[in-house]
Amino acid sequence: MCWARLYGAVAVEVFGHLDFALTDPRPLFDHTVREVLTALGEPPADRRSAAAP
């Protein structure tokens, strides 16, 4: 699932499938990466920074 999400996010950008809807695809890709990391067990950024010593 994680590979498909990342591959899909890259593919739609590379092939221009989001040009009609987005002027800057970076926020969508960043969101997708955060979701994938969470699915793999990485705590969300807000909890990660709170847990750091």
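Biologist: Which pattern does the chain follow, read along the sequence?

Modeller: The chain reads α-α-α. Keep in mind that this is a predicted model. The secondary structure comes to 3 helices and 0 strands.

Biologist: Okay, let's take helix 1. How do I check the span of a helix?

Modeller: You take 1.5 Å a residue and see what the ends give you. On that basis the 13 residues of helix 1 should span 18 Å, and the end C-alpha atoms are 18 Å apart, so the two agree.

Biologist: And how far does helix 2 reach from its first C-alpha to its last?

Modeller: Helix 2 has 14 residues and reaches 20 Å, close to the 20 Å expected.

Biologist: Now the inside. Which residues of helix 1 are buried?

Modeller: For that, you go by relative accessible area, and buried means under 20%. In helix 1 the buried residues are Cys2, Ala9 and Ala11.

Biologist: What do the buried residues of helix 1 pack against?

Modeller: They pack against helix 2. Across the chain, which has 53 residues, buried residues make up 11%.

Biologist: How many salt bridges does a search of the whole structure find?

Modeller: The search finds 1 salt bridge. Here Arg5 pairs with Glu35, and their closest N and O atoms are 2.6 Å apart. Arg5 lies in helix 1 and Glu35 in helix 2, so this pair ties together parts that are 30 residues apart in sequence.

Biologist: Is Arg5 buried, exposed or partly exposed?

Modeller: Arg5 counts as partly exposed because its relative accessibility is 34%. Glu35 is partly exposed as well, with a relative accessible area of 34%.

Biologist: What about rings? How do I describe an aromatic pair?

Modeller: A pair of aromatic rings is described by the distance of the centres and the angle of the planes. This structure holds 1 aromatic pair. Trp3 and Tyr7 form that pair, at 5.9 Å centre to centre with 40° between the planes, and the pair is tilted.

Biologist: Where do Trp3 and Tyr7 lie?

Modeller: Both lie in helix 1, which covers residues 2-14, and they are 4 residues apart, about one turn of the helix.

Biologist: Why does Trp3 count as exposed?

Modeller: Because exposed means over 50%, and Trp3 has 65% relative accessibility. Tyr7 is exposed too, with a relative accessible area of 51%.

Biologist: Which residues make the nonpolar surface patch?

Modeller: Val10, Val14, Phe15 and Phe29 make a patch of about 400 Å². Phe29 sits in helix 2, residues 26-39. At 34% relative accessibility, Phe29 counts as partly exposed.

Definitions and conventions. Residues are numbered from 1 along each chain as its sequence is written. This is a predicted model: local features need pLDDT of at least 70, side-chain atom pairs count only at pLDDT 80 or more; totals for chains, interfaces and linings use all residues. Side-chain values use heavy atoms; hydrogens and water are left out. Patches are made of residues with over 30% relative accessible area and no salt bridge: like charges are joined within 9 Å, nonpolar side chains (Val, Leu, Ile, Met, Phe, Trp, Tyr) within 5 Å. Accessible areas come from the Shrake-Rupley method with a 1.4 Å probe; for residues, only the protein chains shown count as cover. A salt bridge is a side-chain nitrogen of Lys or Arg within 4 Å of a carboxyl oxygen of Asp or Glu. Helices (H or I, at least four residues) and strands (E, at least two) are DSSP runs, numbered from the N terminus. Buried means under 20% relative accessible area, exposed over 50%, partly exposed in between (1.4 Å probe, protein chains only). The expected span of a helix is 1.5 Å times one less than its number of residues. Rings of Phe, Tyr and Trp (its six-membered ring) pair if their centres lie within 6.5 Å; planes under 30 degrees apart count as stacked, over 60 as edge-to-face and the rest as tilted. Contact means heavy atoms within 4.5 Å.
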